[in-house]
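Reader: Hi! I have a new model open and would like to talk it through with you. Could you take a look with me?

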Amino acid sequence: MYAFQQQAFRHQTTHTPRTATNGIRFSQNCPLQPHYPHMQRQPHMQALGRSTPLQIADEIETTGCQVFTEDKCGKVEPAAFEKSVFMSITEDGSKLVDTVGISYIKTSETLSLIISDSRRDPNSSDLANNEESARKLPQVLFGRSPIDPIVKMQQMGVPWSHPSCPFVKLAVVVLVENDAGHILLTRRARRMRSFPGAWVLPGGHVDDADTSLEAAACREVEEETGLILLKETLELVGCWESSFPAAEVCLALAPPRAAHHAIMLCYHATAAPASVSNLHLQADEVDFAVWVPPAVLCDCLGDWEQDHVTEPQLESVMGGGADCTEHGTGGGGEGDILRGDIGGINVRKASDGSSADVMEPDRVDIGLLSGVYPNSVGEGIGRAHSFILSHFLTRPQTKKPKL
């Protein structure tokens, strides 16, 4: 569900800034001062995962679930739509991956994410969180695309036309495993306006009604696939800065602008066994789903760091049909050949001409999943999801902290 709230709230006070428990300090001179309208009614605001105070500015404004950044001096500001969150943290336009601290604010109205620079300046008088506290935050990989349009336009100094809601939104996806350790990939329906035909992890935007990021993850997976996640298995494995359309499209608009800017958090979780056998796809958004063995998935992954799309030779798409164990070993680079197919669930229109969607077992050619989206047949695994999967499948087998 990629619908999100766009209603803005505003509230002014005349008293001195307050301090909320378990948090960080907001900048008094923030150009976009975020507001939590419940603050008069509720004396405490949770910033989960933290142990030091949070000072709230006199006037704060928000449009629902959004993203904040915390620099190495402890100053927190709303992430602006026209600026790269990744670059504001790393200050390095050449990097694609970094490690950041993650926490989030839960209010009676909404959720907001805080992405923190892990490199603290111990000499700063503006420091709200000491270095030890910062190290205790859940640390995750933070990635961005090498063709990120926000970064390109920011580096070019292009003037912006803001969307109706000029804040960075918040989304979640889930790397779902079954009892056999196979990972669920879903294909975005061809009718979707963005990334039609891409193979992705299930997920979507965080809604104001979600009580936690974990709750948002569980809700999205259940809505899209019918799967129930075992909540005790949820763990945060990474995040990604997402923006589109391509820079060339953004620059061609008059005035130049992007349509989407969000931070996508990725969780890992195990599906409840009873729900795996009752996979039910949300046909408006998903038209195919497959449980992919890790070894096959490793060979399907393309190089997400390349600024151009590369994919294996899709010989199997042209009619090659071997057993699905006959997959290549090159990790999705040029010249690899992936053969075979794999079982899943397909969504098709009813043969009687009705508007009902029919779900039935089907098989999909492995070649369609291969490489970074869009591959030569318009499918492949989304770049952000390739980033998450490539790091997850090669990481040491140790649990990461929950958020």
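This is a predicted model: local features need pLDDT of at least 70, side-chain atom pairs count only at pLDDT 80 or more; totals for chains, interfaces and linings use all residues.

Reader: Good to know. What share of the residues is buried?

Author: Of the 403 residues in the chain, 54% are buried. Buried means under 20% relative accessible area, exposed over 50%, and partly exposed in between, with a 1.4 Å probe and protein chains only.

Reader: Let's zoom in on α3. Which of its residues are buried?

Author: Helix α3 covers residues 149-156, and Pro 149, Ile 150, Val 151 and Met 153 are buried there. Their cover includes α1 (85-90), β11 (139-144), β16 (235-244), α5 (247-252) and β17 (260-270).

Reader: And what caps the N-terminal end of α3?

Author: That is Asp 148, with a side-chain oxygen 2.8 Å from the backbone nitrogen of Ile 150. After α3 comes Gly 157, which has a positive phi near 70 degrees.

Reader: Switching topic: where does Ser 212 lie, and is it buried or exposed?

Author: Ser 212 is in the loop between β15 (203-205) and α4 (213-225). It counts as buried because its relative accessibility is 14%.

Reader: What does the side chain of Ser 212 reach?

Author: It reaches the backbone nitrogen of Ala 215 at 2.9 Å. Leaving aside neighbours within four places in sequence, Ser 212 is also in contact (heavy atoms within 4.5 Å) with Tyr 104 and Leu 111.

Reader: I always check for cis peptide bonds. Which residues does one join?

Author: One joins Phe 244 and Pro 245, with omega about 10 degrees, and Pro 245 sits in the loop between β16 and α5. The peptide bond from Ala 254 to Pro 255 is cis as well, with omega near -5 degrees; Pro 255 lies in the loop between α5 and β17.

Reader: Last one: what is the phi of Phe 195?

Author: Phe 195 has a positive phi of about 50 degrees although it is not a glycine. Its place is in the loop between β13 (183-188) and β14 (199-200), and at 38% relative accessibility Phe 195 counts as partly exposed.

Terms used. Residues are numbered from 1 along each chain as its sequence is written. Side-chain values use heavy atoms; hydrogens and water are left out. Helices (H or I, at least four residues) and strands (E, at least two) are DSSP runs, numbered from the N terminus. A polar contact is a pair of N or O atoms within 3.5 Å; within protein, one must be able to donate a hydrogen and the other to accept it, and residues adjacent in sequence count only if both atoms are side-chain atoms.
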